[in-house]
Amino acid sequence: MKLRGNYHTHTTMCDGTNTPREMAQRALEIGFTHLGFSGHMDPDIHMDMAAYLEEIGKLREEYRGRLEIFAGAELDCLYPKERAAGAEYVIGSTHFLDVDSPEPMSVDNTEEMMLRLGREYFGGDFYALAKAYYRLEAGVKDRTDCTFIGHFDLVTRFNDSLHFLDEADPRYTGPALEAMEYLVSRGVPFEINCGAVNRGRKKELYPNTFLLQSLQKMGGQILISSDAHSRDLLDGGFAVARERAMACGFTHTLMLVRGADGRPAFAEHALDTFS
Ligand SMILES: [Zn+2]
Ligand SMILES: [Zn+2]
């Protein structure tokens with residue numbers, strides 16, 4: 001059995017290249033049973049929430065019985081959570097750092113912005129930057145009341161090319177593990193996010209292998225998602241993510257299904273039953 005759903009999906013209503021309808025059509029073509037849209041709600045990219053909910057709501061009706069569609073949101077931890085009101089589930093993500101800057105400063109924008117963040121706001125100390133990132137990330141459940149955690153170690157987005165820190169250095173792993181431990185204690189699952197690997201940005205998935213192993217040892221739960229911004233990548237990286245999860249000792253992944261009360265609920269799927 002294949003993994004038949006994705007819950008981290010962007011469209012033309014935020015920064016994706018395909019419409020919600022094109023994504024839903026693609027989901028059917030590749031045998032999905034579930035599709036969760038997760039438009040950005042953050043200081044930089046945010047949707048007209050009412051128009052989004054209406055559009056996804058229409059699709060939900062149209063595809064009923066063929067594809068279970070959810071209207072979620074990817075809510076940044078520095079954005080007011082009220083702005084995602086009405087979303088059926090929330091991905092809690094940290095993209096921006098809480099620095100006193102004229103424009104929102106993201107760790108996920110350009111190499112140039114990442115270097116500027118480190119040099120201008122952290123005196124060139126990228127371990128201090130990572131510590132600030134994980135301080136925010138630790139609070140992502142409390143701030144966003146999210147359903148699951150998005151790309152836990154996004155702060156390393158440009159580390160393959162810029163090498164601004166050593167991901168095995170305790171100055172990096174210490175704050176990361178501390179944040180992870182707290183989030184696990186809050187009972188919130190983590191996504192394995194294939195987005196950067198799918199787009200050739202990174203060799204490692206989010207979270208990287210060391211952090212994923214640590215998550216498994218802490219008793220954390222996972223959910224596999226593609227962070228698709230185009231229809232061709234809707235299930236991109238699922239095979240790699242499944243293999244990596246099993247190598248790290250995970251036996252199950254989660255899917256969001258429609259619960260008896262009509263709201264999204266988690267269901268466990270054994271990883272070794274996927275082909
Ligand atoms: Zn994101
Ligand atoms: Zn995303």
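In this predicted model, glutamate 74 bridges the zinc ion (ligand 1) and the zinc ion (ligand 2), which sit 3.4 Å apart. Ligand 1 is held by Glu74 (OE), His95 (NE2) and His151 (NE2), at 2.1 to 2.2 Å. Donors here are N, O and S atoms within 2.8 Å of the metal (3.2 Å for Na, K and Ca), and since water is not among the atoms, sites may look incomplete. Histidine 95 belongs to the loop between β4 (90-93) and α3 (111-121), and histidine 151 to the loop between β5 (148-149) and α6 (159-162), so the pair ties together parts 56 residues apart in sequence. Helices (H or I, at least four residues) and strands (E, at least two) are DSSP runs, numbered from the N terminus. Histidine 95 is buried at 3% relative accessibility, and histidine 151 is buried at 2%; buried means under 20% relative accessible area (1.4 Å probe, protein chains only).

Now for the rings. Phe, Tyr and Trp (its six-membered ring) pair up if their ring centres lie within 6.5 Å; planes under 30 degrees apart count as stacked, over 60 as edge-to-face and the rest as tilted. That rule gives ten aromatic pairs. One of them is stacked: phenylalanine 32 and phenylalanine 238 have centres 6.3 Å apart and planes at 5 degrees. Tyrosine 134 and phenylalanine 152 make a tilted pair, 5.2 Å centre to centre with 40 degrees between the planes.

Local features need pLDDT of at least 70, and side-chain atom pairs 80 or more, while totals for chains, interfaces and linings use all residues. Residues are numbered from 1 along each chain as written, chains are lettered from A and ligands numbered from 1 in the order written, and side-chain values use heavy atoms, without hydrogens or water.

Note on methods: Buried means under 20% relative accessible area, exposed over 50%, partly exposed in between (1.4 Å probe, protein chains only).
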